[in-house]
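Morning, everyone. Please have the sequence and the model open while I talk.

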Amino acid sequence: MGLGTSFANMFLGMASEKMEPEEAKKFKLNAMALSRMGHIGITLLILSGLYLMTPYWAMLPEMPLLILKLILVTLLVVLIVIITRIGNKVKKGDFSQAALMPKLGKFTLITAMLIVALAVLIFH
C-alpha cells in the first residue's frame, strides 16, 4: 500500500505539472488524501515485519542485508513523518516547504522499492 501510494503520488505530480498553477495547487491538495493509504501501508509493514522477524532476531548480527532493510524501514518512517508534517502545514496554507514534498516523495519511492527488493532477497 505504501509503495502504491508513492507511485500514485508520482504520477499525480506529473499530471499536475501540466495544469495551470492555481488548478495544480488545488489538485495537489486534494491528492494529499492518498497519504492516509500510505500511513496504513507503513503501519502494516511495521506490524507484519515485527511478527515475521520473530525467528530472525537471534540471527540478526549475521544478516547484514536484514540490518540494511531495517535501517531503510526506519528511514522510510522518518521520511513519511517529515512529509506528513509538511503536508499538514500546506493544508493550513503555509506553502513555504511545499516544494520539498515531491523530492522527498521520490526518495520514499526509491526507499520503499529497496525495502521490497531486500525482503525478496532475504526471505526468498
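A helix here is a DSSP run of H or I with at least four residues, and helices are numbered from the N terminus. By that count, M101 sits in helix α5. And keep in mind that this is a predicted model.

So, α5. It runs over residues 100-123. That is 24 residues, reaching 34 Å from first C-alpha to last. The span expected at 1.5 Å a residue is 34 Å, so the helix comes out close to it.

Which residues of α5 are buried? M101, L104, T108, L109, T111, A112, I115, L118 and I122. What covers them includes α1, residues 2-16, and α4.

Back to M101. Its relative accessibility is 18%, so M101 counts as buried; the cut-off is under 20%. Beyond its neighbours within four places in sequence, M101 is in contact with M32, I83, I86, G87 and V90. Take I83 from that list. M101 and I83 are 18 residues apart in sequence, yet 6.0 Å apart in space, C-alpha to C-alpha.

Now K69. This lysine is in helix α4, which spans 64-91. Is K69 buried or exposed? K69 is buried, and it has no salt bridge. The nearest side chain of opposite charge is E62, and E62 is 18 Å away. A salt bridge would need a nitrogen-to-oxygen distance within 4 Å. What does K69 contact, then, leaving aside neighbours within four places in sequence? I115, L118, A119, I122 and F123. Among those, I115, L118 and I122 are on the buried list for α5.

F123 brings me to the rings. How many aromatic pairs does the structure hold? One. The partners are Y56 and F123, with ring centres 5.1 Å apart. Their planes stand at 65°, so the pair is edge-to-face; the cut-off for that is over 60 degrees. Y56 lies in the loop between α3, residues 35-52, and α4, while F123 lies in α5. So the pair ties together parts that are 67 residues apart in sequence.

How accessible are the two partners? Y56 has 23% relative accessibility, so it counts as partly exposed. F123 has 34%, and F123 counts as partly exposed too.

One more ring, and then I am done. Look at F95. The charged end of K25 sits over the F95 ring, 4.3 Å from the ring centre.

That's my tour. Over to you.

Definitions and conventions. Residues numbered from 1 in each chain as written. Predicted model: local features only at pLDDT ≥ 70, side-chain atom pairs only at ≥ 80, totals over all residues. Heavy atoms only, no water. Phe/Tyr/Trp six-rings, centres within 6.5 Å; stacked < 30°, edge-to-face > 60°. Helix = DSSP H or I, 4+ residues; strand = E, 2+ residues; numbered from the N terminus. Buried < 20%, exposed > 50% of the residue type's maximum accessible area, 1.4 Å probe, protein only. Lys NZ or Arg CZ within 6 Å of the ring centre and 35° of its normal. Lys, Arg positive; Asp, Glu negative; His and termini not counted. Contact = heavy atoms within 4.5 Å.
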